[in-house]
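Reader: Could we go through this model together? I would like to start with how its chains meet.

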Amino acid sequence: MSETCDAGAERALVGRADERALVLRAQDGDATAFAGLVDRYQGRLFRTAYMILTDRQDCEDVVQETLILAWQRLHLLENPAAFPGWVSQICVRRATDVVRRRARQRTDAQAPEDLPSRGALANGSDGADTDPGRSTEINALLHAVAQIVATLDPEPRACWVLREIDGLSYREIARTLSLTEPTVRGRIARARTQIIQRMEGWR
Amino acid sequence: MSTPTERTAADLIDVVTAVPGVRGIEPGITSTLRTIDARIRKLQTRRARYGLVLDSEARTVTVELGLDDSRPIREIVADTQRAVQTALDLSDARPMTVLVRVQSLTGKESRQPTVNR
Amino acid sequence: MEPQNHQPDRRAQDVDAAADRRYRDLIRSVHQEWDALEARGDSSVQLSQRAISSINEAVRADARHGAQVTMPPTEAGPFTITESALRALVRSAVDSVPDALALRSSFEHVEDQNDGVRVRGLPTRVRLQISARLGNQDLPGLAELVRHAVRSAFRSNLAVSDLIVDIRIEDLHEHTD
């Protein structure tokens, strides 16, 4: 059997396979199955990373790292069904590390006048800084919201993103970030309040 | 205070591929991850390319190679390590650790069984 | 400036239902926008093709190579070798013995954890499956030659001296020159 025949048959199998099967095969060493997981998760992880990091290049790097680390550590995942939360955890932790490190390098938190104006939401213009090296722009609304979220401290930000963007339960978030559930609830409540206040500041 | 020799990863790759027995740089997961990390952290002290990571703060170089079977593996690896150290370290008192990761080994093809048994 | 506090914000209790509704609408819009962009295959909300290829190449290479195996360091520094390169070394040693052909090999190692990433310790035992030439009258003798060749290769290439070599002759083949 030629190698091309093998690869084609394998790809066809991967197309039909449910996600649990992909994870199991990837754990067995099947790089094609893992490529299937990369395909399914890269957009989701990018979304999560973006709401934490807001810089496109940083997101690309963090998501790349996340997926490669996931491959390396896949043998540590005992329950294949837990893959979504598990890979999200790697991503959020890494993105939060980056944010924390950058925050230490800056002396002030983002000042209120740096927040996007409501106009940015209304006419779709990007009120935030533009990096000439950035090749494509994220949608203006998403960018504006991400900028608000960026004013949160790293820990509440991570909790909020896992809840509002990833849709994880409080229990899953607690497990993901090694916190207690009450702590998670408290942080998310405070984060929501802060976000609402900044939104209301536009009116 | 002495400063580390200014060598780029690209220079070192040339040095390494010139060692007899080295087929070439063969990027692996280690250097891929360190390259991305260096980019995120905008590290001045780490120069990374796929296949070779130079961390002047940690005083280590990690290089990922494919070898051929022209010489014993240990000899090729030791020559590579010495070549890198020589290229890097003329003025600095603190030595660099050169970690070699042998990714693959190729040589003459093995005999294959015939069809009739 | 947002006060750093551990008490529930008083104003949280006063946030009116309308503001809360606007917040919910905003979150919903975010998801709708994002889903729409993703459904259109918009490149701004996903990894570039280059990044995806880079991941898959790293993963494929790693799958091919297997785990890193720690080796005794040279005089000039430490090194590791992949499982697949070790197997290549074994095949080369077995094939160098007349009448022998390497099939498959597997190793046992001293366990060596590193960061939760699998790194194997020094190999302690190798199990070989080989094929012998049909007509060879002395299979135990052949096995002994193969054992010697493999141990010798590990000693001279890797400075690994205590390797236990188990050999199973699985097959007999015709050997043509």
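Author: A term first: a salt bridge is a side-chain nitrogen of Lys or Arg within 4 Å of a carboxyl oxygen of Asp or Glu. By that rule, chain A and chain C share four salt bridges. The model is predicted, so local features need pLDDT of at least 70, side-chain atom pairs count only at pLDDT 80 or more, and totals for chains, interfaces and linings use all residues. Residues are numbered from 1 along each chain as its sequence is written, chains are lettered from A and ligands numbered from 1 in the order written, and side-chain values use heavy atoms, with hydrogens and water left out.

Reader: Which side chains meet in a salt bridge with an N to O distance of 3.1 Å?

Author: Those of Glu164(A) and Arg24(C).

Reader: Which helix of chain A gives the most to the side that touches chain C?

Author: Helix 3 of chain A, with twelve residues; helices are DSSP runs of H or I, at least four residues, and strands are runs of E, at least two, numbered from the N terminus. Helix 3 spans 31-53, and helices 4, 7, 8 and 10 of chain A also supply at least two residues each.

Reader: How much area do chain A and chain C bury between them?

Author: About 4,000 Å², with 60% of it on carbon and sulfur atoms. Buried area is the accessible area (1.4 Å probe) that two parts lose on being put together, summed over both.

Reader: And what about chain B against chain A, how many residues are in contact?

Author: Nine residues of chain B contact 13 of chain A, where contact means heavy atoms within 4.5 Å. Ile29(B), Leu33(B) and Ile40(B) supply 53% of the area that chain B buries there, more than any other three residues. The area buried between the two chains is about 990 Å².

Reader: Which residue of chain B pairs with Arg94(A) in a salt bridge?

Author: Asp37(B), at 2.5 Å from N to O. Two salt bridges are counted between chain B and chain A.

Reader: Changing topic, which residues of helix 2 of chain B are buried?

Author: Among them are Ile29(B), Leu33(B), Asp37(B) and Ile40(B); buried means under 20% relative accessible area, exposed over 50%, and partly exposed in between (1.4 Å probe, protein chains only). Helix 2 covers residues 29-41, and Lys42(B), which follows, has a positive phi near 50°.

Reader: Finally, how many helices and strands does chain A have?

Author: Chain A has ten helices and zero strands. Of its 203 residues, 50% are buried.

Methods: The expected span of a helix is 1.5 Å times one less than its number of residues.
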